[in-house]
Amino acid sequence: MENYQSDMDDSYSNSESSSDDGSSDSDTSDSDFSVGSDGGQREEKVQKTEAAITTSSGRRVQRPQRADGAMPEEGQRRETRRRVRIADDDSSAAEMRSPDTGDDDIDVPGPSTSDVAQVKKPPRPRQKKESFLDSFPEWMRMTEPRRFPYIAQLGDHVVYFRQGHESYLERVEALNLYPISSKMRPRPSLGAEEFGIVDDVRYVRKPYRLTVVRLAQTDGDGQRTGASWTVKFHDLANVPDFIILKQHYDASVAQNVQEGDRIEAILDGQWWTGTVNRKEPKSEEFPSSLWFCLRILWDSGEEDIMSPWDCQPRSGSRKSGDEATEADQRTFAFIEADNDWPESNFHGAAEAKELCCARMFDAVSKLSVRDTVEPFAYPVSLEAFPHYAANIDYPIDLDTIANRIRNGFYRRLTALHQDVRQLAVAAEQFNEPASAIVRNSRIVVEALIRFSRDPLLDDIVNLYDSLFDLPSDQIVEYCRRQMPKLSLDDEILKQLAESNPSEAPVEPGWKTDCRTILRSVMDDPCASHFLEANAATNEDVALALHQTCDLTSLMDALERGDIDQPATLLRDVEKMVHACKTSIDDKRSPVYRDSLALGSLFAERMKGVISQYERIWKSLIDPAGRITIGTAVRTSILNNPPHHILVVPPGITEI
């Protein structure tokens, strides 16, 4: 198998600090963390055996065995949106606290990646105030798309509301959930409403189970401004989302609900209908903000405060009390598909998403039955592993991923990749790093992500088995993360032009070098079969080139600016070579040998370009995600001719 080159950037953190922000733990009071045996909760039957297993660290542990391999039933999901009363009701603190649950109540299997041995040393006994670590909140286990609560996914275009963030923090402090540090509070420079893109999603266990997102600020047209900030939050009862998808925001603005308009909303699993009684800013400090600007008089006579995206114009004969069906919930949560899905240019985003999801659901289903994949196939009981939840930031398994794929939960392919990578993260957090189960989890990740990116691959099991023959340094996807699609080229050139208009380069150096490399490869004899699809003498190769690309079309794409980074060009060539190889039956033919030579030649020549491009990218992006160029960096770049790689001197820290 050829060496695989990912188009992703640097390492992806395999575990989060358990003492994030240096904060101590606080008493858990969020009702979302209650765990009981009633309702639609899933129960896993586990049979414990006395299998004597010695870990790599010399510890003796037992491996609980699953009594049956049946797929767990879907658990009952939490309601999508809680009502917010106008009157202040401080008594709700007691209502939102989880009921005390004894050990006998915790019989719900939390999502897991492993039910095998070689686990790390159990943590110290926790005090009662850390009881939120005994289980996973419901919002982490959701598999159905919902408008509320907002579940962050990579690449989301969102709207952030400062007033809502402040309300969330006030509620956290009122319930004494966890201490709020100064870094957790909104920046004074943030406006009432900020547009942004989710560039990073992480999860932490301390000081509470929280989602950590890095938001890159955008303007009204969705273009990045270069600023970014980090937000930590979780789904908290009776506190509306303060981050929402921009598509929902735009739709609500277009509806322009006014006083007297009839509206409807899904609250607590039911439809509510009413009338907009008043529309006014919630705070005089932010007079233009739409946050909580609607006073709603429900047909029942009750009143609520809402935001325009919480409701929609009333349709048909719907009335308060009608059950919100699953179809209603999906329609209420619907957003247009993103072009991130493979082959969106050929099929359109919606069809491309449908095709990719069907293909990936089939791949996950086939892979889950393999013996080495079984530990990651389903959630395991927290009774079998009582310390599992305390060690895991984010629970995930192939069954949960399959359900999310089937239900259209993922808004783009990068979000699916994020969940797949968490399989390896959780495996390493709970098991010995050098154990076989950790390596197996990485191979599962590698197989699924490679398979998802290449529509020409049709056998996930064969791909998975072949990866066991590769050295560890070629299993890379588990530690990769998506590189934000920043307009670095334009931004860098703009800053350089402002600094020294007479000497600024006309294009980024990586494009010049990619063009040079591509031309040199096209002149090599091994490339003669792959220059143009219409000129290919082998019919199968010609068809493969038409389905992917040829070298001439790649050169045209590079000239037009359609290639956004060196790794994209390498990936396109690898996809083309793979398609041509698989189309040739005679493995001794000159065309097949030339395809191997072409792939190796191009990958070897692109190594330096990709390596230095990523080094520059990391040098020009500060930890907060802002594009910054210091004086020393700018001078170094200007001193390089345009046809050279832009090299940033090591050790530069001045910004």
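What pLDDT does the protein average, and what share of the residues score at least 70? The average is 78, and 70% of the residues score at least 70; pLDDT is the predictor's confidence in each residue, from 0 to 100. This is a predicted model, so local features need pLDDT of at least 70 and side-chain atom pairs count only at pLDDT 80 or more, while totals for chains, interfaces and linings use all residues. Residues are numbered from 1 along each chain as its sequence is written, and side-chain values use heavy atoms, with hydrogens and water left out.

Over residues 1-80 pLDDT stays under 50, and the model has 257 contacts beyond four places in sequence for them. Residues 486-490 also stay under 50, with 11 such contacts. Contact here means heavy atoms within 4.5 Å.

**The sheet**

Now for the strands. Helices (H or I, at least four residues) and strands (E, at least two) are DSSP runs, numbered from the N terminus. Five strands make an open sheet in the order S8-S7-S6-S5-S9, with antiparallel pairing; two strands pair if DSSP finds at least two bridges between them. At the edges sit S8 (224-233) and S9 (243-245), each pairing on one side only. From one strand to the next, the twist averages 40°. S5 (residues 157-161) meets S9 over 3 bridges in the antiparallel sense, and Tyr-160 has Ile-243 in S9 as its bridge partner.

Two helices lie across these strands. H4 (residues 246-255) lies across S5, S6 (193-204) and S9, at about 80° to S9. For these angles, axes are lines fitted to C-alpha atoms, for helices over the stretch in contact, and angles run from 0 to 180 degrees between N-to-C directions.

| Item | Value | Loop |
|---|---|---|
| Phe-148 to Pro-149, cis | omega near -5° | Pro-149: between H2 (138-141) and S5 |
| Lys-206 to Pro-207, cis | omega near 5° | Pro-207: between S6 and S7 |
| Asn-238, positive phi | about 65° | between S8 and S9 |

Asn-176 is partly exposed at 47% relative accessibility, and Asn-238 is partly exposed too, at 29%. Buried means under 20% relative accessible area, exposed over 50%, and partly exposed in between (1.4 Å probe, protein chains only).

**Buried spots**

Asp-393 is found in the loop between H8 (388-391) and H9 (398-407), and counts as buried at 3% relative accessibility. Its side chain makes polar contacts with the side chains of Arg-205 at 2.4 Å and Gln-429 at 2.7 Å. A polar contact is a pair of N or O atoms within 3.5 Å; within protein, one must be able to donate a hydrogen and the other to accept it, and residues adjacent in sequence count only if both atoms are side-chain atoms.

Phe-451, in H11 (residues 436-453), is buried with a relative accessible area of 4%. Not counting residues up to four places away in sequence, Phe-451 touches several residues, including Arg-359, Met-360, Ala-363 and Leu-463. Phe-451 and Leu-463 are 12 residues apart in sequence and 7.9 Å apart in space, C-alpha to C-alpha.

In H15 (residues 539-547), Val-541, Ala-542, Ala-544 and Leu-545 are buried. They cover an arc of only 160° around the axis, which puts them on the same side of H15; the arc is that of the directions from the helix axis to the C-beta atoms. At the start of H15, a side-chain oxygen of Asn-538 reaches to within 2.9 Å of the backbone nitrogen of Asp-540.
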